[in-house]
Amino acid sequence: MKILVPVKRVVDYNVKVRVKADGSGVDIANVKMSMNPFDEIGVEEAVRLKEAGVATEVVAVSCGLAASQETLRAAMAMGADRGILVETDAELQPLAVAKLLKAVCDKEQPQLVICGKQAIDDDANQTGQMLAALAGWPQATFASKVSIADGKASVMREIDGGVETLSVTLPAVVTTDLRLNEPRYATLPNIMKAKKKPLETVKPADLGVDVAPRLATLKVSEPAQRKAGEMVADVAQLVDKLKNVAKVI
Amino acid sequence: MAILVIAEHDNQSLKAATLNTVGAAAQLGGEVHVLVAGAGCGAVGEAATKIAGVAKVLVCDAPHYEAQGAENVAELVKGLAGGYSHILAAATPAGKNMAPRVAALLDVAQISEIVAVEAPDTFVRPIYAGNALATVKSADAVKVITVRTTAFEAAGEGGAAAVESVPAAADLGLSALVSRELVKSERPELGAAKVIVAGGRGLGSAENFHGLLEPLADKLGAAIGASRAAVDAGYCPNDYQVGQTGKVVAPQLYIAVGVSGAIQHLAGMKDSKVIVAINKDPDAPIFQVADYGLVGDLFQVVPELTAAIG
Ligand SMILES: Cc1cc2nc3c(=O)[nH]c(=O)nc-3n(C[C@H](O)[C@H](O)[C@H](O)COP(=O)(O)OP(=O)(O)OC[C@H]3O[C@@H](n4cnc5c(N)ncnc54)[C@H](O)[C@@H]3O)c2cc1C
Ligand SMILES: Nc1ncnc2c1ncn2[C@@H]1O[C@H](COP(=O)(O)O)[C@@H](O)[C@H]1O
């Protein structure tokens, strides 16, 4: 069974981004970029399925700038067998990414696609669901446990108020939640080995996909900042403030 | 054209999030319809007719909607979409699961977790864990949207909408619900609670988490929330998680206990009206957003606070 893992290059989760003064976007020049944390979890899960003998090949796919090669190399250092870069300088919105991934799936015919639940830059939480819709496949989002047997995936997923387990036919799309696994660190030998793994580059036009954005960003602004509060000396003072000043208890 | 709100429910009762979604729909201009898709969900349809501002309730009652799987519900919504300018769902796990699927079937963008309506085609939504707000304009014929419930007033009661039953779409048979385990709690829902007591890794164990926070929450009639670190350490169930990738809350009072205040946590609670932080580290980032900060050992402060609240 082949597993496809979409991986996105995003601003590292430790970076607090700044909004540009002209309101045109956030300033990401010279900030640290990393693989989207949910996609690391996706790669880890796919590699574990391969190590368990369930999967035969793990293919990482990234859509975006040429620099996304680094992200693919990172995925290969974790254990993905090869990488596909859908290279473009164009702004990609989730629907466009889903269409690109659908085209890659048509070629690669994976049985399972493991997306992250959300990219931590756009916070969209859409691409996996959209890919599943376009492909006509089932989706098991926000997964905290995945097992494969008899041509089906059994997925425990996080829902409001608890968890549920779905049984979905394959091929299917799974999206990862934080508790699915703890991604490994790539070792130095594996980072070296990853440099030699195959990395193919294609363009959106080669895949016949129109990636034109559907949403125009009119402006990006800073959210209202909270006013600095005050420190209280003890519990008595805290209770007094909450009762008599804030009037919330 | 009319606006379709997809109701969130468990076949017995309507979830409060639906009311906030109707609240957002009311700002778009147009007749608001509510879709209740489920099995044996007649009572939910009835409840939806009473929401102020709703003109019509569409009920689609069929066995294959019992679990409300995204595949079957999205297929149904695709068939209904023709008559609507906007399709809205709450930005809850259920809404986030289903709405993008609807959008892709209609070949339109989905606009995630809006916090304001600027015009019928222009919306504000947080990006980068709420560190920036993007104003986006949609060129699509149908706007598929999820709504951050804390950003919109809940619609009130007093409606008298008509009920129309709509035929089911085909059962796609792609997905089956095996089991569902819901955490039972007498406490208010996190999303709707007026007061939230949230615990972090500083609590140190599940025993401490429950032993210290529950008596305080009991006194305040509060819901209990948590940081991801507390959830990961097994102190409490996953659906307590507040943050960028958990629940977004905006209570009157949020008391953060032993939570450092990582940006991902702040993304979920910084719109609370009053924030209290209790932490032994005076440099913890949580103090930068707290209205009242108390530096101290939570094992001493929390019991004292519980005792001091009458
Ligand atoms: C992709 C991604 C998504 C994430 N999403 C979320 C999310 O949605 N929500 C979320 O919360 N996190 C999220 N995180 C994790 C986040 O980055 C932090 O790791 C997490 O919030 C830290 O939790 P914490 O504050 O409980 O733990 P810590 O950072 O370990 O803080 C514990 C605090 O307790 C204090 N303390 C310890 N002992 C005591 C004592 N006796 N008395 C008083 N104070 C004490 C310490 O001073 C410290 O400040 C996410 C991370 C990633 C990478
Ligand atoms: N440009 C991209 N390249 C590869 N995968 C992507 C890209 N954008 C989104 N994804 C995948 O889709 C998931 C959800 O992204 P989003 O819908 O943007 O929140 C991510 O975690 C990735 O797995």
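Modeller: Happy to! In this predicted model, 29 residues surround ligand 1, and the closest are Arg201(B), Ser227(B), Thr245(B), Ser260(B) and Asn279(B); a residue belongs to this shell if one of its heavy atoms lies within 4 Å of the ligand. The site is shared between chains, because residues from both A and B surround ligand 1. Helix 1 (37-51) of chain A gives at least two residues to the shell, as does each of helix 6 (228-232), helix 7 (263-269) and helix 8 (298-308) of chain B; helices here are DSSP runs of H or I with at least four residues, numbered from the N terminus.

By residue type, the shell holds 10 nonpolar, 14 polar and 5 charged residues, where Asp, Glu, Lys and Arg count as charged, and Gly is among the polar ones.

Now for the polar contacts, meaning pairs of N or O atoms within 3.5 Å. Ser227(B) places a polar side-chain atom 2.5 Å from an oxygen atom of ligand 1. The side chain of Gln241(B) has an N or O atom 2.8 Å from a ligand oxygen, and Thr245(B) has a polar side-chain atom 2.8 Å from a nitrogen atom of ligand 1. On its own, ligand 1 has 990 Å² of accessible area, of which the protein covers 85% (Shrake-Rupley method, 1.4 Å probe).

A note on reading this: residues are numbered from 1 along each chain as its sequence is written, while chains are lettered from A and ligands numbered from 1 in the order written. As the model is predicted, local features need pLDDT of at least 70, side-chain atom pairs count only at pLDDT 80 or more, and totals for chains, interfaces and linings use all residues, with side-chain values based on heavy atoms, leaving out hydrogens and water.

Methods:
A polar contact is a pair of N or O atoms within 3.5 Å; within protein, one must be able to donate a hydrogen and the other to accept it, and residues adjacent in sequence count only if both atoms are side-chain atoms.
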